[in-house]
Amino acid sequence: MELKTNLNKNQKITRKKLIKKYIEFFKSKGHSEIQNSPLIPENDATVLFTTAGMHPLVPYLLGQPHPKGKRLVNFQKCFRTTDIEEVGDQIHHTFFEMLGNWSLGDYFKEQAIKFTFEFLTKELKIPSEKLAATCFKGDLKLNIPKDIESEKIWNSLGIPKQKIIFLDKEDNWWGPAGNTGPCGPDTEIFYWTDKENIPEKYDPNNKNWVEIGNNVLMQYYKNEKGEFNTAKQKNIDFGGGVERTIAILQGYNDNYLTEVWQPIIKQIEKISRKTYGENKEQTKSIRIIADHIKASCFIIADNITPSNSEQGYILRRIIRRAIRHSKLINIPNKSLSKIAEPVFEIYDDYTHLQKNKNKIIKELEKEEEKFLQTLEKGLKEFKKLSKNNKEISGKDAFLLYQSYGFPIEMTQELAKEKKLKVNLKEFESEQKKHQNISRTATKGKFSSGLADNSEQTTKLHTATHLLHAALREVLGTEVQQKGSNITPERLRFDFMFNRKLTEQEIKKIENIINEKINESLEVTKQEMSPEQAKKSGALGFFEHKYGEIVSVYTIINPKTKQVFSKEICTGPHVKNTLELKSFKILKEESSSAGIRRIKAIIG
Ligand code: ATP
Ligand code: MG
């Protein structure tokens with residue numbers, strides 16, 4: 001992506017300037033720039049969001065040659081659900097940008113650490129006295145030695161030994177992404193952010209040391225027996241935080257004081273009449289609101305809308321959390337879209353964000369309106385439920401969820417503020433009970449304000465498998481899924497194929513699927529290891545990471561036992577294809593070079 005930048009040389013290092021410097025530095029070292037991928041992984045159903053620059057590169061880290069070569073660089077937008085709880089401190093966001101450089105079987109440890117050090121100290125002029133590093137301590141059980149090489153390299157560059165410490169697996173080991181695959185130690189680099197004198201030693205418990213980047217050194221390969229051997233292809237993966245780095249360069253120990261946050265913070269200050277930094281709890285709320293609104297804008301820009309499942313649920317959860325915190329600092333109703341306004345100015349280089357501005361604002365307003373209808377009543381109900389109780393029962397938490405639209409995590413947060421627990425197990429069983437009821441219930445009977453079209457989504461999941469199988473039957477088995485996206489209204493399916501389909505082919509595909517729907521095929525689920533799944537002929541993205549156990553869904557004729565489709569998938573699916581009623585292709589078009597896109601509906 002090209003950055004629009006019109007900064008002159010003497011200005012402070014802003015986000016845009018940092019990214020530009022980074023990309024140019026690594027280009028000058030023989031790296032090719034690769035794209036900043038969407039926040040929603042295109043071909044990977046195993047994770048909901050892109051959490052690091054490395055994520056879209058997994059197939060290449062595993063050995064597939066990358067079309068742009070062995071040295072790559074980019075900046076990547078990321079979203080980490082796992083960091084939601086951390087948001088409120090100075091350095092963690094849910095949405096952030098990561099600088100990344102990779103070697104796919106090219107340079108290794110020494111060169112990687114040298115590049116990192118040169119970039120930080122020469123290009124960015126960070127004083128090396130303020131830097132410290134961590135390396136892997138080794139692990140006897142895994143038979144992996146201590147990473148003294150990395151220590152030596154850092155030391156030779158001028159980082160004294162007291163500022164290089166060895167930590168164990170928890171901190172300085174990466175991977176493999178699945179059961180087997182590339183893995184190895186990592187070496188992290190820290191910056192001293194306090195005005196006080198720089199200590200002589202690095203101390204992992206001192207919060208003034210902030211991690212700015214991390215080199216993952218993939219030198220091992222874990223095989224099926226659990227053994228770690230030297231990898232045939234050794235890779236480097238560097239990831240560095242844009243927000244943390246610009247804060248450091250601008251002399252702040254708080255990311256929110258930089259230009260990628262200030263316009264949003266100022267807007268919140270204006271609307272709430274509160275001052276950032278004045279009061280601890282209010283400052284935390286301001287940070288949470290700013291973070292969650294920014295992240296929501298980017299998630300909606302990647303075509304997700306609030307719902308009750310998967311990415312849509314995470315989006316709903318952060319919007320509603322932002323609304324709850326905005327009430328804590330007296331922000332008037334219907335302010336979300338105003339808080340979002342500055343996001344479009346800060347990130348004027350993201351064209352997809354700009355293009356979707358109207359939609360984003362509308363979705364935020366819609367979700368706010370929906371939640372405001374029940375928030376006050378829900379909070380009153382919560383107050384009642386929490387009075388004289390040590391615990392919020394699962395039933396009550398479910399009531400808050402179903403009748404007032406409180407995501408369970410919000411109830412947990414409210415409970416925590418009152419030092420109460422929530423019975424999560426009971427909540428989950430209540431939720432399951434409800435799901436079973438709504439699956440069998442006649443449509444509409446149990447629908448509440450919050451009810452998503454999950455029944456419809458389930459059907460479209462199964463329709464996607466039927467479509468995949470029918471495409472392979474009509475066009476050949478070289479048809480390979482590239483991506484899939486389901487909204488309650490329709491399914492979208494991207495696959496590798498290099499020409500337009502004919503009308504006859506489209507008809508044929510529809511006919512096959514409608515035939516299969518009417519044959520009343522059964523959908524069954526088995527759990528097995530990814531290797532077993534592959535052996536059994538199930539389709540899946542084997543070049544990607546899977547957990548130890550995967551679910552395989554089979555669409556089978558119960559009488560003839562003939563299998564029509566078999567795929568690895570997280571589900572959910574219908575039990576019988578009859579539930580789909582009928583299938584229709586709305587559109588067949590090109591998605592990008594060599595990739596076709598089909599949109600279809602059912603019912
Ligand atoms: P931390 O321990 O501080 O949470 P991490 O070990 O999770 O960091 P990595 O996964 O190594 O971080 O990511 C690479 C870099 O991305 C980090 O060095 C940091 O600069 C940045 N980074 C990671 N998580 C966040 C976040 N939640 N917000 C902002 N920047 C982040
Ligand atoms: Mg982290």
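Me: Is Cys569 buried or exposed?
Reply: The model is a predicted one, and the assignment rests on its computed accessibility. The relative accessible area of Cys569 is 14%. Buried means under 20%, so Cys569 is classed as buried.

Me: How many disulfides does a search of the whole structure find, and which cysteine sulfur is nearest to that of Cys183?
Reply: The search of the whole structure finds zero disulfides. Cys183 takes part in none, and with 0% relative accessibility it counts as buried. A disulfide requires two cysteine sulfur atoms within 2.5 Å. The nearest cysteine sulfur to Cys183 is 17 Å away and belongs to Cys135.

Me: Which residues come nearest to ligand 1, and which backbone lies 2.9 Å from a nitrogen atom of ligand 1?
Reply: Ligand 1 has 15 residues around it, of which Asp83, His92, His93, Glu211 and Arg244 come nearest. A nitrogen atom of ligand 1 is 2.9 Å from a backbone N or O atom, and that backbone atom belongs to His93.

Me: Which element gives the most to the shell around ligand 1?
Reply: Two or more residues come from each of β3 (95-104), β8 (209-222) and β9 (228-241). By class, the shell comprises four nonpolar, six polar and five charged residues. The element that gives the most, with four residues, is β8.

Me: How far apart do the C-alpha centres of domain 1 and domain 3 lie?
Reply: The domain assignment divides the protein into domain 1 (8-257), domain 2 (262-443) and domain 3 (455-602). Between the C-alpha centres of domain 1 and domain 3, the separation is 38 Å.

Me: Where is Phe298 placed, and what separates its C-alpha atom from that of Ser551?
Reply: Phe298 belongs to helix α8 (residues 280-301). Its relative accessible area is 0%, so Phe298 is buried. Along the chain, Phe298 and Ser551 are 253 residues apart, and their C-alpha atoms are separated by 31 Å.

Me: Which residue just after α13 takes a positive phi?
Reply: Helix α13 spans residues 394-404, and its buried residues include Phe398, Leu400 and Tyr401. Just after this helix, a positive phi of about 70° is taken by Gly405.

Me: Are Lys125 and Asn388 buried or exposed?
Reply: Lys125, in the loop between α3 (109-123) and β4 (131-136), has a positive phi of about 60°. Asn388, in the loop between α12 (357-386) and β10 (391-392), has a positive phi near 55°. Most residues other than glycine have a negative phi. With relative accessible areas of 65% for Lys125 and 77% for Asn388, both residues are exposed.

Me: Which peptide bond is cis, with omega near 0°?
Reply: Most peptide bonds are trans. Pro176 sits in the loop between β6 (173-174) and β7 (181-192). The cis bond, with omega near 0°, is the one from Gly175 to Pro176.

Technical notes:
Residues numbered from 1 in each chain as written. Chains lettered and ligands numbered in written order. Predicted model: local features only at pLDDT ≥ 70, side-chain atom pairs only at ≥ 80, totals over all residues. Heavy atoms only, no water. Near = heavy atom within 4 Å. Polar contact = N/O pair within 3.5 Å; in protein donor to acceptor, adjacent residues only side chain to side chain. Nonpolar A, V, L, I, M, F, W, Y, C, P; charged D, E, K, R; others polar. Buried < 20%, exposed > 50% of the residue type's maximum accessible area, 1.4 Å probe, protein only. Domains from an automatic or database assignment.
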